[in-house]
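Trainee: Hi! Could you walk me through this structure, one piece at a time?
Mentor: Happy to. Have a look first, then ask away.

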Amino acid sequence: MDDRPNFKRNNAEVEDETATYMKKKKLKKFFTELAMDDVGFRLNPKGDLTTMLDNAEMTIETIRKEALKMAEDLENVNNSVECVRNSKLLDDLSDVDKEEIYQFANRIIDRCETVNISVLTTRSDSQQNCLEEINKMIDRIVKTLTEDPDNAKSMCQAYIASCSSSGNELGCKVFETAVLGCTLDDQKCIIKRLKGLLNYIIESKGK
C-alpha cells in the first residue's frame, strides 16, 4: 500500500488559486500606479495651484467684460430717454400727450437709477489726474450745451478727433495728451462717452 501523500489536485482547486493570484497581482499593480500618481501630484503642487488661479483669472476677466457691457447698455438707455425728453417732436404733441411721455420717460430713468454697476480700474496717480482732467473738460461741454449748442457740438467733435490715431488737426492737443495718459479701459470709455454725448447734442438740436 502506497502511504505517500496525494499531491494531486482537481482542476477546480487549481483554477481558484490561479484566479486568486491574478486578483492579487492586479490589485498590486493598481495600488502601485495610484501611489505613483500621488507622488506625481505632490511633486508638482505649484502647477496644479497655478492652473486653478489661471481659471479664476479668466473667469473674473469675463465677468469684468460683461459688467462693462452692461454699464454701457445702461448708459445708452439713459441717453435714449434723455433724447426723448428733449426731442423737438414733443412740440407737436398736446399737453396731455406730452405729460404722458414725460411720465413714461421719468419711470424709465427711475428704474435705471435702481441699477448700480461698478467696475473698478486700477490707476496710478498720474492716470487718475489725467482722468479727472478729462472729466472736467467733458463737463464743460455739458455746461456749454445749455447756452451755446453749436459750440458744444464743435467741442465734442474736436475731442473725438483727438482720440483718433490719425492725428486729426481738428483735435484738441490738451485733450489728446490727457487721454493718452489714461488707462486703456478709460480711453475706451471716454470715446464711447463722447460719441454718446455728441449723439445727444445732435438729437437735442433736431439735426
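**Salt bridges and the core**

Mentor: Let's start with one side chain: Arg193 counts as partly exposed because its relative accessibility is 29%, where buried means under 20% relative accessible area, exposed over 50%, and partly exposed in between (1.4 Å probe, protein chains only). Before we go on, note that this is a predicted model, where local features need pLDDT of at least 70, side-chain atom pairs count only at pLDDT 80 or more, and totals for chains, interfaces and linings use all residues. Residues are numbered from 1 along each chain as its sequence is written, and side-chain values use heavy atoms, with hydrogens and water left out.

Trainee: Okay! Which side chain does Arg193 meet in a salt bridge?
Mentor: That would be Asp139, at 3.7 Å from N to O. A salt bridge here is a side-chain nitrogen of Lys or Arg within 4 Å of a carboxyl oxygen of Asp or Glu. The pair links distant parts of the chain, with Asp139 in helix H4 and Arg193 in helix H7, 54 residues apart. Helices (H or I, at least four residues) and strands (E, at least two) are DSSP runs, numbered from the N terminus.

Trainee: And is Asp139 buried or partly exposed?
Mentor: Asp139 is partly exposed, because its relative accessibility is 36%.

Trainee: How many salt bridges are there by this rule?
Mentor: The count comes to seven. One of them joins Arg64 and Asp185, whose closest N and O atoms are 3.6 Å apart. Arg64 sits in helix H2 (residues 45–85) and Asp185 in helix H7, so to speak distant parts of the chain, 121 residues apart.

Trainee: What does Glu72 pair with?
Mentor: Glu72 forms a salt bridge with Lys192, and their closest N and O atoms are 2.8 Å apart.

Trainee: New topic! How many residues does the largest nonpolar core have?
Mentor: It has 22, and those with the most contacts inside it are Ile134, Ile141, Phe175 and Leu194. A nonpolar core is a set of buried Ala, Val, Leu, Ile, Met, Phe, Trp, Tyr and Cys residues joined through side-chain atoms within 4.5 Å.

Trainee: Which helix gives the most to this core?
Mentor: H4 does, with seven residues.

Trainee: What is Ile134 in contact with?
Mentor: Leaving aside neighbours within four places in sequence, Ile134 is in contact (heavy atoms within 4.5 Å) with Phe175, Ala178, Val179, Cys182 and Ile190.
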